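This report describes selected features of one structure.

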Amino acid sequence: MTTGYSVEIAESSIELTAKERIKMKDTTNAIKLDELTQEEGNEQVIIEPQAYAVLNIHNEHSDQNKDYVNYVLVDKDGTKYVTSSGSFWASFMEIFKEMENETEPWKIVVYRVPSKNFKGKEFLTCSIE
């Protein structure tokens, strides 16, 4: 039986076991960063990333793009976060690559910023804490 839906891990920061790959590809239990940062009191979300993965998704039933990318972050406490924000991912990867071989503990702060190009719109980004 084909569902018209498939997920492939394009990249991950750690070597994943079969069980970990299955868990990483399942975003149904992941917190959506876009929604979380719009909730009152959660305008800034702090994450201590332990792993990340880039998921290539194909969804025949999508009304918009049938092929898209999701980015998954797993916090030190095991909480899984997901977003499709390219602006967030660019900022996160800049930080991650710089800190990759450092021993100093670090976290990121995820937040929304008003768009300069689209009046009334915001985009997701992050900074190191």
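## Surroundings of asparagine 59

With neighbours within four places in sequence left aside, asparagine 59 is in contact with Gly4, Tyr5, Lys66 and Tyr68. The model is a predicted one. Asparagine 59 belongs to strand β4, which covers residues 49–59.

The side chain of asparagine 59 also reaches the backbone nitrogen of histidine 61, at 2.9 Å. Is asparagine 59 buried or exposed? Its relative accessibility is 15%, and buried means under 20%, so asparagine 59 counts as buried.

## The sheet β3-β7-β8

An open sheet is formed by 3 strands, in the order β3-β7-β8, with antiparallel pairing. Strands β3 (44–47) and β8 (122–128) are the edge strands, and each of them pairs on one side only. From one strand to the next, the twist averages 30°.

How many bridges join β3 to β7? There are 4 bridges between β3 and β7 (residues 108–114), and the two strands run antiparallel. Within β7, valine 109 is the bridge partner of isoleucine 46.

## Helix α3 on the sheet

Helix α3, made up of residues 86–99, packs on the sheet. The strands that helix α3 touches are β7 and β8. The direction of helix α3 makes about 10° with that of β8. Of these two strands, β8 is an edge strand of the sheet, while β7 stands between β3 and β8 in the strand order.

Definitions and conventions
Residues numbered from 1 in each chain as written. Predicted model: local features only at pLDDT ≥ 70, side-chain atom pairs only at ≥ 80, totals over all residues. Heavy atoms only, no water. Pairing = 2+ DSSP bridges. Axes fitted to C-alpha atoms, helices over the stretch in contact; angles between N-to-C directions. Contact = heavy atoms within 4.5 Å. Buried < 20%, exposed > 50% of the residue type's maximum accessible area, 1.4 Å probe, protein only. Polar contact = N/O pair within 3.5 Å; in protein donor to acceptor, adjacent residues only side chain to side chain.
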